[in-house]
Structures are given as structure tokens and as C-alpha cells.
Amino acid sequence: MQRAIKHPDPRPRAESNIVPMAGSDPVRHPNSVAAEVRNLRKTYNAGTPHAHEALKDVDLSIRANEFFTLLGPSGCGKTTLLRILGGFEMLTSGTCRIFGEDVSRLPPEARPVNTVFQQYALFPHMTVRRNIAFGLEMLGKPRAEVESTVERMLDLVHMTDYADRRPDTMSGGQRQRVALARALAPQPKLLLLDEPLSALDLKLRQKMRLELKSLQRETGITFIFVTHDQEEALAMSDRVAVISNGHLQQVGTPEDIYEQPQSRFVADFIGESNLIEAKVAGVTGGEASLDIEGFGKVHAPVAERVEDGQKVWLSIRPERLVLGSGDGQERAKVTDRTYLGNAVEYHLHVGEHALTARSPRGGLRGRQDFAPGDVVSVGFEPGSIKVLLS
Amino acid sequence: MFGKSRLGGFLAGASGLFLLLPLVAVIPFSFTAKRFLSMPDGEYSLRHYVAIFDPDTWLASIGTSTLVALLSSVIATALAAAFGIGIWLRRPASGRFLIGLVLLPIIVPPVTSAVALYFLLAQIGLLDTVPGLVLSHVVMIVPFAVIAILGALSRLDRNLELAARNLGASQMQSIIMVILPNIRFGLFAAWFVSLVMSWEESSVTLFVSGVNVITLPKRIWDNLRLDLDPAVAAISVIMILATTLVILLRKSET
Amino acid sequence: MMRAQSTPVRRYAATGSLAMLWALPVILTLAYVLPFAGVTLWSVTRPELGLQNYVRIFTGADFQAIFFRTAWVCLVSTAITIPIAYLLAYYWVMGSGRRSRLVEICIFIPFWISVLVRAFGWVVILRNNGLASDVANAFGLGGLSTGRNVWSVITGMVHFMVPFAVLPMASVMRKIDRRVLLAALGLGCRPLGVFWRIYLPMSLPGVFSALAMTFIFSLGFFVTPMILGGGRVVLTAETVFVQMFQTANWGLGAALGVVLLVAVFAILWLSQRVMRIEQLMSR
Amino acid sequence: MPAHISIRKACKSFGSFEALRNVSLDIEKGEFLTFLGPSGSGKSTLLNAIAGFEPLSSGAILKNGEDIGATPADRRNFGMVFQGYALFPHLTVVENIGFSLRVRKVARTEVEGRVARMVDLVGLRGHEHKRPSALSGGQQQRVALARALVFEPELLLLDEPLSALDKNLREQLQDELVDIHRKTGTTFLFVTHDQMEAMAMSDRIAIFDRGRIVQLDRPNVLYDEPNSRFVAEFLGTMNTLPVSRQRAVAGELHAHVGEFGVRAMLPDAEQLAGKPAVLAIRPEKLTLCRERPKADYNLLPMTIDGVIFQGGTTIVKGSAPEGASLTLTTARDALGNPPSRGEQLWVRWGHLDGRVLAG
């Protein structure tokens with residue numbers, strides 16, 4: 001697909017960095033940096049009483065060919081960051097580079113970047129075919145090439161049968177595919193996706209996750225995906241950046257983010273977590289002994305320096321709590337049981353703390369079932385306790 | 001990013017000025033000291049403002065216009081509210097047709113409406129009477145009230161009425177306790193628009209009244225047709241100022 | 001499921017709501033639609049039974065001249081009104097805060113002011129020895145004819161129509177999703193191109209309704225031409241007035257009213273056809 | 001004794017569209033019953049008919065054996081929580097809650113007392129004099145609930161009341177709703193299209209499809225013993241394997257998927273006579289193995305197509321013989337290191353875990 005860029009591109013961006021050198025297409029190069037922001041700040045209404053800092057000193061670099069996700073609750077700044085990359089929003093300070101070129105001052109139409117918008121923003125007065133051709137026509141591609149690329153795109157997103165329909169006659173999933181095709185047709189080096197799945201229903205959303213991921217693999221284009229849905233982020237991404245309140249909280253692979261959260265925010269936002277306050281009762285080697293009030297002592301590895309008596313937070317995932325019949329030492333009372341089909345969720349009272357445990361049903365192993373009022377023992381799978389300082 | 005072009009901005013500014021020009025141009029003429037319409041030649045006077053208070057001519061017409069406008073706007077608003085709520089509640093199959101019917105007086109050329117109303121009032125002997133004028137005004141302004149009320153109702157959650165019924169309110173109770181309070185701004189807008197429209201109504205009024213009943217627009221019309229009395233300028237300035245004030249006040253509220 | 005919306009409640013609805021619904025249509029039918037039927041009757045019975053009024057209207061050279069003048073004035077004033085209104089609507093909807101507020105005030109002050117007062121304003125400016133000729137004299141353009149002529153009438157009509165034409169355009173423009181414009185920019189289209197290729201086509205439905213409205217309104221125009229034309233630029237609507245009250249020719253006036261109404265409905269029908277065709281055509 | 005609420009042969013059509021086709025059902029006093037189905041399946045139509053907003057085309061609605069089909073909505077005494085709440089925007093919280101008592105002309109002091117008790121029940125202390133627009137989504141939801149319960153209705157109808165809320169709040173309010181149901185003892189009739197919500201809250205669930213109730217039972221029965229592919233797939237993910245050479249042997253089905261033998265319980269051999277069948281297995285019942293396990297049946301090779309990390313669990317997608325695609329969920333570290341795309345593995349399952357469905 002990338003080979004298709006043969007015709008001189010009339011836009012200024014063409015001269016600067018597209019000219020493909022034999023064998024070193026920058027888009028395909030696995031180690032190059034696709035997008036990079038340094039000390040990025042964005043303040044709305046600066047200098048007025050309504051000043052609002054949407055992004056505070058963000059440093060981030062996104063590798064080429066990566067499926068990268070910006071994840072955070074609504075209003076955290078992730079969409080602002082995406083809009084700055086797309087050129088729809090001016091940054092207040094810092095730099096923003098795309099494939100090495102400083103684009104901080106470039107208007108959106110001069111950036112090698114395309115965007116899939118939240119409600120798709122398809123042109124309602126044009127057919128699917130004309131929507132997809134739009135970006136190619138803007139590049140001044142010859143007619144024959146436009147037509148063949150459009151056909152290829154229609155095929156890629158399985159919309160050939162709908163080529164002459166208008167967007168308002170199509171379902172959400174179909175519009176979604178057209179928006180993708182339109183954004184991919186001009187072969188951008190970077191594709192920005194602004195919560196593109198949020199308007200779809202659950203089953204369709206799950207299906208589109210897989211389609212998006214395989215589309216990214218097939219085209220090799222760097223995807224920057226914005227979402228507030230952590231499940232979506234974990235399922236599709238090569239790496240995830242968790243953003244909260246304009247700050248970058250943590251960047252890593254989905255496994256990293258889930259297994260090694262570095263703050264209470266990340267532990268709580270990504271998946272479910274039991275967060276328990278504890279006091280450090282001693283450190284030996286890399287392992288701390290931690291005192292949970294009303295429960296007892298537990299042991300967990302600590303990476304950072306902690307001192308005796310320091311208050312810390314423990315994060316334990318519900319599926320890593322092991323419940324047994326109540327003959328152990330650690331007693332907990334089941335207060336509620338919720339049936340979830342493929343799992344059962346128990347709400348427990350352990351001393352002062354309310355915990356949630358989830359026990360998958362099925363498989364070949366039998367699992368014990370408990371009812372509200374039962375007294376059970378609580379154990380932790382080894383390595384399941386994560387010590388958090390903030 | 002959009003709406004920032006210089007040339008476009010200049011042209012839009014020029015268009016805006018074109019709209020305000022005749023309104024501003026009237027102002028100096030109202031202060032002329034002469035008896036006829038002219039620029040004040042270094043001599044300013046308020047005599048034409050004083051003339052407005054002549055109880056036999058201008059003041060009488062202002063009184064007539066006020067009476068007719070108040071009556072017809074209240075009647076039009078009540079009818080429009082009943083109609084709008086009826087459509088909203090019952091959603092009759094003939095809804096589109098009925099709405100088209102009550103909006104007719106906007107679409108039909110005013111002279112045609114005027115001829116029809118002239119015919120009606122001539123038949124029932126109400127030509128050149130206040131009741132006849134009120135009836136004509138109600139017909140002409142009711143579409144504006146209907147538009148305002150249907151607009152307010154379209155923003156109203158249908159479930160509100162179902163909720164009220166479900167909680168034990170009868171249909172009348174739910175209209176009075178739930179629907180009307182929630183379209184109160186639409187009701188006010190409907191009343192206000194019809195008040196202004198009736199106050200300004202000139203085309204039909206010229207046909208169906210003019211000897212015994214003389215509204216303010218009719219008196220202005222006569223003056224413009226016969227001699228150009230500067231009192232018209234004074235009246236105009238007052239109306240322009242009042243309108244501007246209301247618009248600016250409303251803007252500063254929002 | 002669309003039909004699901006239309007039946008609930010009906011069975012349990014009280015007769016009260018039925019009376020509320022029908023009060024206005026019944027009154028309007030009695031006070032407006034039926035009298036119009038009477039007018040139609042007048043047009044074929046006065047002064048005597050027959051179609052002579054219509055024959056007179058469509059064959060008389062005087063009436064033909066009036067119709068031709070009316071159509072010409074309507075076309076010209078519509079053609080001037082639409083671009084001005086589009087510009088104002090665009091800046092009202094898309095302009096930055098201050099600019100948008102200024103435009104809004106410029107639109108709404110004249111909108112709420114009586115057509116008589118506005119016509120009077122133009123009389124002051126355009127009459128012989130008025131402001132415009134003073135200004136023209138000051139620039140040494142002494143011979144510039146202003147006063148009561150067709151251009152005065154058109155000026156006044158445009159001034160009256162612009163605020164009305166702004167409203168339907170602005171309401172369509174307001175519904176244009178700004179992300180669609182951003183999408184076009186992002187696909188490499190320059191801002192001016194975005195306007196021509198995306199914004200203008202998407203705002204066309206508003207332009208069409210403004211067109212139909214302006215044309216219909218100007219057909220029925222009556223007060224403005226009479227004041228600014230001063231009897232020298234007689235249009236169809238004014239002729240109705242003259243026939244009814246100055247020559248007491250009720251049958252002829254009624255027939256003209258019927259003709260105007262038919263013309264208006266023809267335009268409405270045509271404009272709806274155009275809208276439908278516009279929707280069918282894929283660009 | 002007649003059932004609390006009975007629906008008898010309810011039909012409803014809108015023009016040519018049949019929204020309800022011959023639906024019958026009994027609602028027991030005090031239960032939490034959920035109507036679950038995709039949009040347009042008829043669940044809301046039936047709810048509206050019960051509420052009295054929409055008359056049935058034919059059929060009857062009985063309350064304690066008495067036909068209430070002709071009773072208008074304001075005389076039925078059923079509470080309702082609307083989608084989007086339909087709170088009266090011009091009234092404060094207490095005025096909203098007290099509305100039904102005011103139209104019933106209940107004495108003022110009594111209204112105040114009952115409203116105050118509802119305010120406590122739903123935890124809205126301190127918000128009594130706010131307008132709905134000043135409340136959060138969760139608080140509005142609570143007002144709607146209090147408003148519908150204050151006149152002690154015999155039946156509370158809830159029309160997708162949680163659909164407008166975000167996930168965390170929704171889960172919290174699910175717990176609160178179940179709690180309030182327990183405290184008041186009112187019969188709850190809940191409509192939703194969210195199967196997780198339905199399973200977490202309900203005593204019984206009626207599953208709607210194209211105007212019919214296709215299955216009505218307790219949540220765990222529906223999940224474990226669905227009577228159709230529709231129910232199975234609507235309640236979570238279900239793998240379906242096309243089987244061949246099927247025969248019934250002593251209450252079991254013996255069949256093949258390609259070359260591999262499979263077995264499953266078959267309580268009712270009649271139901272399948274002559275029809276093509278599929279073997280349905282929930283993703284969590286499949287176990288993934290790197291080595292071929294020692295078993296004669298219920299064992300298939302699988303090529304991994306994709307691995308989707310979901311935090312607590314991992315979803316593995318792959319293809320099995322006969323073009324079947326399989327989805328399974330495993331604990332994160334069930335295999336040591338996670339499987340990779342293209343890898344060949346084995347899946348197995350217990351013979352109580354598969355179900356035979358007509359396909």
C-alpha cells in the first residue's frame with residue numbers, strides 16, 4: 001500500500017518527508033518515531049479567570065507501526081492531545097513532531113495525518129465513494145488512481161456494495177467503516193481515531209475491535225486511538241498511555257498497565273481493583289511486611305523505598321482473591337453474591353474493609369459457591385498484591 | 001478557523017450597516033423645528049414628540065393599537081396553545097394537514113388574506129369596528145403563536161405526560177400541572193410575538209378599518225401617503241429605541 | 001416502530017383534548033377559508049356572473065405590464081437578498097463571539113420594527129432632496145435620480161426581506177457538524193475549498209427555503225412598494241388595493257387576490273419539487 | 001389463586017409490524033422480573049401496555065384475575081421509572097416525589113411525611129429543594145425511583161432506567177435497586193437490553209425475540225441451559241460447533257466434528273430427530289492445553305487467530321476443524337506464557353459442559 005505514493009504530492013508536506021528512498025520507507029521502519037510531543041502544555045482561555053489547563057507538561061513518543069491508545073476518563077485531556085496532533089488545536093507551549101518534522105505551526109491540511117472522528121463526520125451530501133475519494137482528490141491524484149484506490153478501500157472495509165449510498169442511509173457500523181476508508185485512502189503516515197467505537201452497540205463494538213486491529217496490521221499505519229473504555233484499550237493496543245487530569249499517568253503495554261499499575265488512579269481505572277490502606281511493618285530485601293487493620297499481615301514486593309510505619313495502598317484484583325470454606329485464619333463475611341453468567345462476584349466484609357472477589361465458573365475444575373452470610377477464608381494468589389505509594 | 005476572512009467580514013459589516021441605515025437616518029429628522037419633514041437646520045426642537053400626545057390623533061391611535069394588540073395576542077396565544085397541546089397529545093393522523101391549515105395566513109399573500117377578511121367582515125357587519133379588527137388580527141398572527149408553541153412542545157419530553165398519567169393525574173391535571181408550566185417560556189414567546197405582530201399589522205388593517213377605528217400603523221400610513229409629518233419620525237424613533245433596548249437587554253441576560 | 005409513536009393514549013384520551021385540538025382549525029375555517037371561497041365567488045359574480053374579471057386580468061395590456069413588473073421586481077430583489085442574507089447568516093453562525101453578536105443585532109433590530117417605519121426610513125434617505133441626493137450632490141453627482149422609482153422599491157424590499165431570509169439559512173447552517181469541516185481540512189482541503197465543496201452544498205437546503213420564502217413574500221408585497229414607489233411603481237398587490245378601494249371594483253380585486261394565491265402555491269409546489277430533486281442528486 | 005399480574009395472548013401490531021405475537025406470562029407478587037431482548041423485540045411495547053399507555057391489539061392483562069385492559073393509565077396504580085427519567089423539570093425533588101400524592105389529594109402533612117421517608121430510602125437527603133437539572137444522572141435516577149414508589153404501587157415498571165449512566169454508576173445503582181426491591185417488597189418489572197444487568201439483578205428473566213418470549217426462567221438456568229441458539233448467544237458468547245454423524249446413545253449425543261468425537265448430554269432426543277444440530281459450549285468451559293490431553297472425546301485441535309488481553313481474563317480466538325471458530329476465556333496465566341498467533345494448541349471440555357441445540 002505504501003508503494004502507491006508515486007505521484008508528486010502538491011502539498012508542502014510532500015517535499016519535506018515523503019520522498020521514499022529505496023528500501024527505507026520511513027513509515028515501515030520499525031524503530032522510527034512516528035509522533036513525539038515534548039513539554040506539551042495546552043491552556044484554554046489563558047490569562048482569564050476561566051483558564052483551564054487541559055494538558056500539563058506531557059512527554060510522549062509513539063513508535064512507527066504501533067497501535068497506540070490514549071486512555072482516560074472524559075475531560076482528562078486525551079482528546080485535546082489528539083486534536084493537537086491533528087492540527088485542529090494549537091498547543092500553548094512545547095513541541096509536537098510527526099516523523100521528525102516539527103508540525104507545531106502547520107495547519108491540519110498540511111499534516112501527513114488523518115482523523116476518524118467520533119460521530120464519523122462523513123460528508124452527508126456525498127456518496128460513500130465520493131467521501132472516500134475526497135482526500136485523494138485533494139492530493140490532486142489522477143482520476144484513474146483515485147478510482148482504483150477507492151475500489152481498494154471499499155474492498156478493504158467490505159463496503160463495495162454500498163459505494164453509491166449516502167451516509168444517512170447506513171447503519172452505525174457501516175458509517176464507521178466508511179470513515180475508516182476515507183481516512184486511510186490518502187495513505188496517511190499517522191491515523192488518529194477519536195473514540196470511533198463509542199456510538200456502536202456492544203456486540204458491534206467488540207467485532208469492530210478485531211477489525212480495527214487487523215486493519216492496522218494490514219496497512220502498517222501508526223494508529224493513535226483515543227478511548228475512555230479501558231477494556232477496548234487493553235484489547236487492541238500495542239501500548240497504552242493512561243491520562244488523568246492533563247497528566248500522563250503511565251505508559252506501557254496493556255499487560256504492564258494492568259499488572260504493574262504505578263498509582264491508585266491507574267489501578268482503579270484499569271479493570272477493577274480492591275484498594276486497601278495498609279501500614280509498612282518492616283522491609284527485608286525487596287519485600288515488605290504490611291499490616292492491614294482488622295485483617296493481619298501480608299507480604300508483597302516493593303520497588304521503591306518505603307519506611308516503617310509509612311502508609312501505603314495495596315491493590316488486589318478481584319479475580320486473584322482466593323476464597324475457601326471458613327476454616328482458615330482470615331475470616332471474611334459474604335455480604336452479597338451477584339451472578340454474572342460466566343462468573344460469580346462476591347462482596348465481602350473483612351474487618352473494616354469491603355472487598356470484591358470474582359470467581360470464574362466453569363472449566364474442568366469445580367469451584368465452591370458461597371451465599372450471603374457465609375463466613376469464608378480469604379487468600380491471595382502469590383504476587384497478586386501491588387504496593388502503591390500514591 | 002472559519003468565519004475569519006477579511007473580505008467576507010467587510011462585506012458582512014457593510015450588509016449589517018445597510019440594515020441599520022434607514023433606522024438611523026430617521027433620528028435627526030425627528031428633532032427638526034420645522035413643521036414639515038426636514039433636517040434640523042441648526043435648530044433642534046422636541047415639538048414633534050409633544051405632538052404625539054395629542055389625545056385626538058396620535059394618542060388615540062396608540063390607545064386603539066394597544067387595545068387591539070392586547071386582546072388579539074391573548075386570544076391568539078390561548079387558541080394556539082390549545083391547538084399545539086392537542087396536536088402534541090393526540091398526534092392525529094391529520095396533524096400535518098391541520099398545522100398546514102393554521103399556518104396558511106403566513107403563506108398566503110397579505111392582500112389576498114385582506115380581501116378574504118374584508119369579505120367576511122362585510123358579511124357580518126363588523127367592518128371598521130374593534131371586534132372586527134381583533135378577529136382579523138387573530139387570524140393573521142395566530143400562525144406565529146402556533147410556531148412558537150409547537151417549537152416549545154417539540155423540546156418537551158413526551159414521557160413527562162405519561163409519567164404524570166402514570167402517577168395518577170387526569171389528562172386535564174397533567175396539562176395544567178405539567179405541560180403548561182414546562183412550556184411557559186414558549187407561551188410567553190408566543191404572546192410576545194403576536195403582540196408585536198398585531199401592533200405592527202398594517203396590510204389587513206388598511207382594508208378592514210380606517211374611518212372609525214384608526215390604529216397607529218394606519219395613522220402612519222395616512223401620513224406617509226398624504227404629507228410627511230415629522231411626528232412620524234418621532235414615533236419611529238421611539239419604536240426603534242424601544243426595540244433596540246429590548247433586544248440589547250435580552251442579549252445581556254443570556 | 002415509527003407507527004408506535006402515533007397511537008398511544010388515544011383510547012384513553014379525554015374529549016377535552018379533542019376540543020382543544022379542533023378549536024383553532026374550526027375558527028380559521030369559518031373566519032378565513034370559507035370567506036376566501038366567498039372571495040372566489042365575488043371574482044366571478046361581480047359586477048356580473050362570468051369569467052370577465054379573469055379575462056380582463058390576463059388579456060389587458062395594463063395588467064400584463066403590472067404582472068411583468070411584479071415578476072421582475074421580485075426576481076431582482078430576491079437575487080440581491082439571498083447573497084446578503086447568506087453572508088450575514090454565515091457570520092452569525094460561524095463568526096467569532098463578538099462578530100456574531102454584532103451581526104445578530106443588525107438582523108434582529110430591523111426584524112422587529114414595523115415595515116412602515118422601515119419604509120419611512122428609506123423615504124427619508126431616497127426621496128428627492130433626501131439624504132441620498134444630498135450626499136450625491138456633495139460628491140458632485142447632482143443628476144443622480146433617487147426618489148420614487150423602481151430601485152427605491154427594490155431597496156426597501158431587500159431591506160425588508162434580508163432578516164427573514166437569514167433565519168432559514170442560519171438554522172440549516174447551525175446543524176452543520178463542525179467536525180465535518182475539520183474532517184475535510186484533515187483530508188488536505190484548504191479552508192476556501194472546504195467552504196465551496198462542503199459548507200455551501202450542505203447549506204443549500206437553507207438557501208432553497210430562503211429563496212422560496214423571499215419570492216413568495218415579495219410577490220405579496222404591498223406597503224413598501226406603495227410608499228417607496230409612490231404610485232409610480234404599481235405592483236400586483238397594490239393593484240388589488242386600488243381596485244378594492246379606489247375604483248370599488250370588488251370583483252376585479254377579488255380575482256387578482258385569487259391569482260396571487262395561485263401563483264404562491266405554484267411556487268411552493270415548485271420549490272418542494274426542487275428540494276426533492278436536490279436530495280436525489282448525488283454529488 | 002390467580003397470579004398477581006397475568007398477560008394472556010397479548011398481540012400488538014403497528015400497521016404491518018407485529019410488535020407482540022401472542023405473549024402470555026404470569027408475574028408473581030414480589031418478584032424481580034426482567035424483560036430482556038434486543039431493541040424492537042417487543043419488550044417495551046408490553047411494558048407500555050401494562051402501564052396503560054398503549055392498548056393491546058388483542059389479548060388481556062389481568063390483575064389478581066381481573067381484566068384491567070380498559071383502565072386508563074392514571075387509574076392503574078402502577079409506578080413507572082422512565083428511560084431518561086421524565087422528571088418534571090419545573091418541580092423540585094420533593095415536589096416531584098410528592099406529585100402523585102398531590103393529584104390524589106392526600107393531606108399535606110401526610111405528603112410531607114411520606115416524601116421524607118422516600119427521600120431517606122433513596123439517599124437524597126440534602127437535595128430536597130433542588131431542581132432535576134441541578135442533579136447528577138444517578139441522583140435523577142433516584143428521584144425517579146422515589147417518585148414511582150411513594151404512592152405504594154402494586155407493581156413498579158422500569159424502562160431501561162440505567163441505560164443513560166456510565167458503567168461504574170450503573171453497577172452501583174444495580175445494587176441499590178436490588179436493595180430497594182428487597183426493602184419494599186414491591187413487584188419489579190424491569191426492561192433492559194443489557195444481559196449483564198439482567199443477570200445481576202433479576203429473580204427471573206423473560207427473553208424476547210421478534211415479539212415473542214422465547215424463554216423465561218432464572219438467570220443461571222437461562223445461561224446454563226438455553227433452549228435456543230438465540231438465547232445462548234444473546235446471554236454472552238457461545239461457541240457453536242457443527243456436528244456430523246450424530247446419534248443418541250442412552251441420554252447422550254455421540255457425534256463428530258471432523259475426525260474428532262464429541263459427546264454431550266441429550267435429555268430429550270426427540271427434539272433433534274432429523275434436524276441438524278450444533279454443539280454449544282461457553283468460552284469459559286473450554287480448557288487450553290499445549291500437549292494433546294489423554295482423552296478420547298471432547299477434544300479439538302485449534303489454531304490461534306488472536307489473543308485479546310482483557311486484564312483479569314484473556315480471550316483467545318482460534319479456528320477448529322470444519323471451519324468452526326472458537327472463542328475461549330482463560331485466566332491470565334493458565335498456560336504459563338500466553339499463546340501466540342498461529343500457534344497450534346488443543347482445547348477440551350467436560351461432557352456436562354456442552355449443550356445440543358437445534359441449529
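This is a predicted model: local features need pLDDT of at least 70, side-chain atom pairs count only at pLDDT 80 or more; totals for chains, interfaces and linings use all residues.
Let me begin with chains B and C. On the side of chain C, 90 residues are in contact with chain B, and on the side of chain B the corresponding number is 89. The size of an interface is often given as the accessible area lost when the parts come together. For this pair of chains the buried area comes to about 8100 Å², and 80% of that lies on carbon and sulfur atoms. If you ask which three residues of chain C give more of its buried area against chain B than any other three, they are C:Tyr32, C:Trp112 and C:Phe120, which together supply 10% of it. As for where the contacting residues sit, helix H1 of chain C, residues 15-45, contributes 21 residues, the largest share of the side that touches chain B. Sorted by class, that side of chain C is made up of 70 nonpolar, 14 polar and 6 charged residues.

What, then, of the polar and charged pairs across this interface? The count of salt bridges between chain C and chain B is 0, while 7 residue pairs are found in polar contact, with both residues of each pair at pLDDT 80 or more.

I turn now to chain A, and to strand E7, which covers residues 190-194 and in which 5 of 5 residues are buried. On one face we have A:Leu190, A:Leu192 and A:Asp194, on the other A:Leu191 and A:Leu193, and both faces are covered. The strand also has partners in chain A: strand E6, residues 113-116, runs parallel to E7 and is joined to it by 4 bridges, with A:Thr115 as the bridge partner of A:Leu192. Strand E8, residues 222-227, likewise runs parallel to E7, here with 5 bridges, and in this pairing A:Leu193 stands opposite A:Phe225.

Side chains of opposite charge can pair when their charged atoms come close. Over all chains, the structure holds 45 salt bridges, and I will pick out a few of them.

In chain A, A:Asp59 and A:Arg38 form a salt bridge, with their closest N and O atoms 3.3 Å apart. Because A:Asp59 lies in strand E2, residues 52-63, and A:Arg38 in strand E1, residues 33-44, this pair ties together parts that are 21 residues apart in sequence. Both ends are partly exposed, A:Asp59 with a relative accessible area of 34% and A:Arg38 at 33%.

A further pair in chain A is A:Asp229 with A:Arg209, where the closest N and O atoms are 3.8 Å apart. Here A:Asp229 lies in the loop between E8 and helix H7, and A:Arg209 in helix H6, residues 202-219, so the parts tied together are 20 residues apart in sequence. Is A:Arg209 buried or exposed? At 6% relative accessibility, A:Arg209 counts as buried.

In chain C, the side chains of C:Arg179 and C:Asp177 meet in a salt bridge at 3.4 Å, N to O. C:Arg179 is partly exposed, with a relative accessible area of 22%, and C:Asp177, at 26%, counts as partly exposed as well.

Finally, there is a network in which B:Glu161, B:Arg165, D:Asp74 and D:Arg75 are joined by salt bridges that share partners.

Definitions and conventions. Residues are numbered from 1 along each chain as its sequence is written. Chains are lettered from A and ligands numbered from 1 in the order in which they are written. Side-chain values use heavy atoms; hydrogens and water are left out. Contact means heavy atoms within 4.5 Å. Buried area is the accessible area (1.4 Å probe) that two parts lose on being put together, summed over both. A salt bridge is a side-chain nitrogen of Lys or Arg within 4 Å of a carboxyl oxygen of Asp or Glu. A polar contact is a pair of N or O atoms within 3.5 Å; within protein, one must be able to donate a hydrogen and the other to accept it, and residues adjacent in sequence count only if both atoms are side-chain atoms. Helices (H or I, at least four residues) and strands (E, at least two) are DSSP runs, numbered from the N terminus. Ala, Val, Leu, Ile, Met, Phe, Trp, Tyr, Cys and Pro count as nonpolar, Asp, Glu, Lys and Arg as charged, and the others, Gly among them, as polar. Buried means under 20% relative accessible area, exposed over 50%, partly exposed in between (1.4 Å probe, protein chains only). Two strands pair if DSSP finds at least two bridges between them.
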